[in-house]
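Visitor: I am new to this structure. Please show me how to read it, feature by feature.

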Amino acid sequence: KPYKTEHDREVRRLVHDLQRQVAPGEPVFLCHQRDEELLAEFLWYVRTQEMNVDWLSPASLPPATKSCWLVMCSHQEPMAASVRAQLVSPAWRLMESEVRLVPPENAKMSAVYCRWVHVVRE
């Protein structure tokens, strides 16, 4: 199998589904401050894909960017509007959004929600 557990399978499926929606060259921004805020296996799968992934910061978003994807993961379901609010500027319109529940890997872990949103600059 390409995965050991249901958790591993769902993380892999999540990243592949995200990649299918992102247009070639379209940036994907992680709405987190550091690696430790995300599942290590999620980051590993993201980094194995041909996606333009970066951490969201004012400096990471070039002014010419017309469209991008934002990803936020949490133990509570992140709302699409709160993810879009990470851009600070209200000039971004929410085009689509999806949330996925990733089951815990074991009894000591919590489930994780990952939401990705597609936004376009107006």
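Visitor: How many salt bridges does a search of the whole structure find?

Guide: Start with the general idea. Side chains of opposite charge can pair when their charged atoms come close. This is a predicted model. In it, the search finds 11 salt bridges.

Visitor: Which residue forms a salt bridge with glutamate 6?

Guide: Arginine 9 does. The closest N and O atoms are 4.0 Å apart. Both residues sit in helix α1, 3 residues apart, so about one helical turn separates them.

Visitor: Where else does the side chain of arginine 9 meet a salt-bridge partner?

Guide: At glutamate 10, with 3.1 Å from N to O. Glutamate 10 has 10% relative accessibility, so this residue counts as buried. Now widen the view. Glu6, Arg9, Glu10 and Arg13 are linked in a network of salt bridges.

Visitor: What does arginine 34 pair with?

Guide: Glutamate 36. Their side chains meet in a salt bridge of 3.5 Å, N to O. Arginine 34 is partly exposed at 47%. Glutamate 36 counts as exposed, because its relative accessibility is 59%.

Visitor: Let us turn to the core. How many residues does the largest nonpolar core have?

Guide: Again, the general idea comes first. In soluble globular proteins, nonpolar side chains tend to be buried together. Here the largest nonpolar core has 21 residues. Those with the most contacts inside it are Leu18, Val28, Phe42, Met51, Val71 and Cys73. At least two residues of this core come from each of α1, β1, α2, β3 and β5. There is also a second, separate core of 13 residues, with Cys31, Leu56, Leu61 and Leu87 among them.

Visitor: What does cysteine 73 touch?

Guide: Leave out residues up to four places away in sequence. Cysteine 73 then touches His32, Leu38, Phe42, Val112, Tyr113 and Cys114.

Visitor: Which residues of helix α2 are buried?

Guide: Helix α2 runs over residues 40-48. Glu41, Phe42, Leu43, Tyr45 and Val46 are buried there. The buried residues of α2 pack against α1 (6-21), β1 (27-30), β2 (52-55) and β3 (67-74).

Visitor: Now the strands. In which sense do β3 and β5 pair?

Guide: Antiparallel, over 8 bridges. Valine 71 stands opposite tryptophan 116 in β5. Strand β4, residues 92-102, pairs with β5 in the antiparallel sense as well, over 10 bridges. Leucine 101 stands opposite tyrosine 113 in β5.

Visitor: How many residues of β5 are buried?

Guide: The strand is mostly covered: 7 of its 10 residues are buried. Tyrosine 113 lies in this strand. Tyrosine 113 counts as partly exposed, because its relative accessible area is 24%.

Visitor: What does tyrosine 113 touch?

Guide: Set aside residues up to four places away in sequence. The contacts of tyrosine 113 then include Met72, Cys73, Ser74, His75, Val99, Arg100 and Leu101. Take histidine 75. Along the sequence, 38 residues separate histidine 75 and tyrosine 113. In space, they are 5.9 Å apart, C-alpha to C-alpha.

Definitions and conventions: Residues are numbered from 1 along each chain as its sequence is written. This is a predicted model: local features need pLDDT of at least 70, side-chain atom pairs count only at pLDDT 80 or more; totals for chains, interfaces and linings use all residues. Side-chain values use heavy atoms; hydrogens and water are left out. Buried means under 20% relative accessible area, exposed over 50%, partly exposed in between (1.4 Å probe, protein chains only). Helices (H or I, at least four residues) and strands (E, at least two) are DSSP runs, numbered from the N terminus. Contact means heavy atoms within 4.5 Å. A nonpolar core is a set of buried Ala, Val, Leu, Ile, Met, Phe, Trp, Tyr and Cys residues joined through side-chain atoms within 4.5 Å. Two strands pair if DSSP finds at least two bridges between them.
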